[in-house]
Amino acid sequence: MNFSCARPIALLGLLAAIPLLIFRLVQISKLDKKIKQKLAVKTFLNIGAFCMLCLAFANISWGNHLIPVQKNGSAVSFVFDISNSMNANDGPDGLSRMEASAIYAKKLLNNMEGTSVSVVLAKGDGIAAIPLTEDFVLIESLLEVLSPGLMTAPGSSLGKGILTAKDSFSTNFSTAGKIWLFTDGEETDSALQNALSECIKTSIPVTIIGFGQETEIPVLAGDGKTLVNSALRKDKILRTISEVEKHFNSYKNRPEINFVDSSERGSAAKLLSQLKNNSITTYETKPVPRFKFFIILAMFFFAAGFFITEFNFSLFKKMNNKIDRKIDKLGNKIENKISRKITKSQNIMMILLVIPFFICGCSKKNKDVLMGTYAYTQQQYQHSISLFMQALEDSKAEENQKAIDFCLYDIGTAYLKLEEDSAALEKFSKISEDAPNNLKYRAYYNAGIIAHQNSDYEKAADFFRKALQADNSKIDAKINLELSIQQQEVNVKNNQNQSTPASEEKSRNSDLEKAVFERIKENDRRQWKSSESSQEKNLSDDF
């Protein structure tokens, strides 16, 4: 059920309730019997309300729910199985499975410009050999030396390698992470299924790329003596994927878990097609916080305690009898007069009883907007985005365009706080032309600020013009429009006045650069000569 408690220290308050209860009951025991009963019940209810507040403050969660998360850009983690079974020579053209996986990965890298890539070695507990980078030369240098000897840990744990890759991705919303596992499917700890389940919970798609033939061939084990039979365990991988998908069948928009045979035609194209959509909405599994449930219970206990002690039941009974007699004589007119004689304490009681039902009765969309606004004021911008995204999904389901526009604006402003300018502009641009003028003004104004900060003064001026079309009384937009136009004119003049340096100056600069370059080379030679003997001494100890 995924039970968790964010502030376990708050549970100590439950222990404090015990001496408070005993102390209060001792005091009550000295009072009149009739009063004693009421105060004892009120004490139990007030202590119950206190305990509910402690549980609410502890922020207890159980169960799971899915929240929409905006992802921008792409990042891929290459997970390489470097177990001894990958040395089997049943790859294309007599290559080993490991050599084939390295060549296959290099060809993928040639078509992945602009994508961040990390490398994880799946052997033992798994290790992140190269963090997320766009320096593919570094990755290719590692691919050239792939072998089981890179790690001395025994066994092959594909699951631990996948979990290491999952942890290599940033936790904010700016990266849509993917995991590509290069393997023959041989593993010693059967941890693959659990790792794939964890990736689904965090909305990370996994693609398993198979290498080798399905016919078993002998290969040396880690001791270098024992021969074992190994093959591409395609059927086992597909069964594992099927079990995971069956378990998470009810998950909305769950990430895909795929298997691709590297020997199949077009397998690389299937992988690269995953990188085309750089802006997606995914769903992540989050625990359900129950603090509102405990707050409602606390309010109920408190209201019940107030009702028991303050409400005069005898007077209420007399009033009922009086109302019955007068209704028989005068009809509905007297009922209206009597209803105005309700005491102040009864009004307070009714308000306290109605508040929880009001909170429970308001729509989920409004709750998400209110909680998202609160999270925004608390500078919890990522959490506010999740709540606004849920409200946006509900508004789209209701086809409420006005609510959609306000949700888009709220998400955009939260992205601004996270310095996700491109994501913020995307949300502002989706606000419809039928939106209220004050909303359009704020959206265009913020978009203009973003463009101005990015030195795109032409686009900034265009946004500020649109903002003034929505509300021409705003002085700030007029000032920023003039500044953007002026800066745009300055840039045009600078481009026109730019001229090519004279040949003499070019020659002088060239001579200066050459002198500096020669100086650097001379320093490098001196440093190499001075350290050459010590390097030889250190290398002599490395055998």
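Y409 is buried, at a relative accessible area of 11%. Keep in mind that this is a predicted model. F428 counts as buried too, with a relative accessibility of 5%.

I put those two residues side by side for a reason: their rings form a pair. The ring centres of Y409 and F428 are 5.8 Å apart and the planes meet at 40 degrees, so this pair is classed as tilted. Y409 sits in helix α15, residues 401-417, and F428 in helix α16, residues 421-429, so the pair ties together parts 19 residues apart in sequence.

How many aromatic pairs does a search of the whole structure find? The search gives 13. Another of them is F78 with F80: centres 6.1 Å apart, planes at 85 degrees, and therefore edge-to-face. On burial, F78 has a relative accessible area of 0%, and F80 has 1%. Since the cut-off for buried is under 20%, F78 is buried, and F80 is buried.

F78 and F80 also belong to one aromatic cluster, together with Y104, W180, F182 and F211.

Y104 takes us to helix α3, where Y104 is among the buried residues.

Next, the cysteines. How many disulfides does the count come to? The count is zero. Take C51 as an example: the closest cysteine sulfur belongs to C54 and lies 6.2 Å away, which is too far for a bond, because a disulfide needs the two sulfur atoms within 2.5 Å. C51 is buried, with a relative accessible area of 16%. C5, at 25% relative accessibility, counts as partly exposed.

Last, the surface. I9, L12, L15, I18, I22 and V26 make a nonpolar patch of about 610 Å². One of these residues, L12, lies in helix α1, which covers residues 12-28.

To recap: the search finds 13 aromatic pairs, the disulfide count is zero, and the nonpolar patch comes to about 610 Å². That is my part; I will take questions.

Technical notes. Residues numbered from 1 in each chain as written. Predicted model: local features only at pLDDT ≥ 70, side-chain atom pairs only at ≥ 80, totals over all residues. Heavy atoms only, no water. Buried < 20%, exposed > 50% of the residue type's maximum accessible area, 1.4 Å probe, protein only. Helix = DSSP H or I, 4+ residues; strand = E, 2+ residues; numbered from the N terminus. Patch = residues over 30% accessible without salt bridge, like charges linked within 9 Å, V, L, I, M, F, W, Y side chains within 5 Å. Areas by Shrake-Rupley, 256 points an atom, 1.4 Å probe, with all protein chains shown as cover. Salt bridge = Lys/Arg side-chain N within 4 Å of Asp/Glu carboxyl O. Phe/Tyr/Trp six-rings, centres within 6.5 Å; stacked < 30°, edge-to-face > 60°.
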